[in-house]
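Here is a short briefing on one protein chain. Keep the sequence and the structure in view as you read.

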Amino acid sequence: SSGINAEYGDDNQNGKLEAKELSKIIPTEENFLLAYSIQSQNLGAHLSSQDFLEIWCHYDKDCSGYLDFTEAKDFMKDMLKVNSVKVDLNNVQYLDTFFKTFDTDDNGVIEIDEMAAIFPVEERFTNALKQRKRFSKEEFDRLFDAYDTNKSGSLNAKQLPKMIADLNKSSKTNMSDKQVAEISGRLIQMFLNKDIPRTELSLVISSNTPQHGKQFKREMNEKRQSLMS
């Protein structure tokens, strides 16, 4: 959140952009981020992990863990409509500002952790998302299939710690047994000790974007530019 703090004026240094801070990003009457912030942070309310994932999956159509330019455009347009902000919905300047605000690693897409980091989502969810870059989507899929022996599409609280431990080994992330237990416990709590669906678990603990993917970034930005022209 240091980039957010420095560039967008996180005055109280809490890593979240609150209503009065968001107003500095786009100093116009049609400040869509300000409007959304006022709605979502009403009375200091926090989004639960389930609420956030439901919203995210509505826009992340292919459950990739990131919003490409088309998906992000749909998200922004809906936020404008919900808050009755009267602007040209095809205004490329708003779209460009939207992307720059959320795409903090400048890889041409808005990843789920980038979105969650500056919205009022419960802390245990944002903490869980910190692990996602450790594990690839491919490795996640391989191990999930191995553990989901009854093909239910979900894992239970007993299976999850074993899968996380295997992910740690196969991905060579060198987490300690204590760290594995902490991550597993956090996820089990987050999903209220119920069976955890594949899609939601994949979004939270694995990443589908190359960490140093110059080609990926170039392709995503080229797509973005073509849609803006």
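## Briefing: helices, loops and core

Q179 sits in helix α11. The model is predicted. The protein chain has 13 helices and 4 strands.

- In sequence, Q179 and A165 are 14 residues apart.
- In space, their C-alpha atoms are 9.6 Å apart.

**Two asparagines in loops**
- N174 lies in the loop between α10 (159-171) and α11 (177-190).
- N174 is not a glycine, yet its phi is positive, near 60°.
- N174 counts as exposed, because its relative accessibility is 70% and the cut-off is over 50%.
- N193 lies in the loop between α11 and β4 (196-197).
- N193 has a positive phi of about 60°, and N193 is not a glycine either.
- Is N193 buried or exposed? With 59% relative accessibility, N193 counts as exposed.

**How α9 packs on α10**
- Two packed helices are described by the angle between their axes and the distance between the axes.
- Helix α9 covers residues 137-147 and packs against α10 at an angle of about 140°. The two axes are 10 Å apart.
- The crossing of α9 and α10 is right-handed.
- Which residues of α9 meet α10? They are E139, F140, R142, L143, F144 and Y147.
- On the α10 side, the residues that take part are Q159, K162, M163, D166, L167, S170 and S171.

**The nonpolar core**
- In soluble globular proteins, nonpolar side chains tend to be buried together.
- The largest nonpolar core here holds 47 residues.
- Which members touch the most other members? They are F52, M115, F125, L187, L201 and V204.
- Take F52 as a case. Beyond its neighbours within four places in sequence, F52 contacts L47, I112, M115, A116, V121 and F125.

**The chain as a whole**
- The protein chain has 229 residues, and 48% of them count as buried.
- Its accessible surface comes to about 11800 Å². Carbon and sulfur atoms account for 48% of that surface.
- Among contacts with a separation of 6 or more, 62% join residues 24 or more positions apart.

Terms used
Residues numbered from 1 in each chain as written. Predicted model: local features only at pLDDT ≥ 70, side-chain atom pairs only at ≥ 80, totals over all residues. Heavy atoms only, no water. Core = buried A, V, L, I, M, F, W, Y, C linked by side-chain atoms within 4.5 Å. Buried < 20%, exposed > 50% of the residue type's maximum accessible area, 1.4 Å probe, protein only. Contact = heavy atoms within 4.5 Å. Areas by Shrake-Rupley, 256 points an atom, 1.4 Å probe, with all protein chains shown as cover. Axes fitted to C-alpha atoms, helices over the stretch in contact; angles between N-to-C directions. Left-handed = near helix turned anticlockwise from the far one by under 90°.
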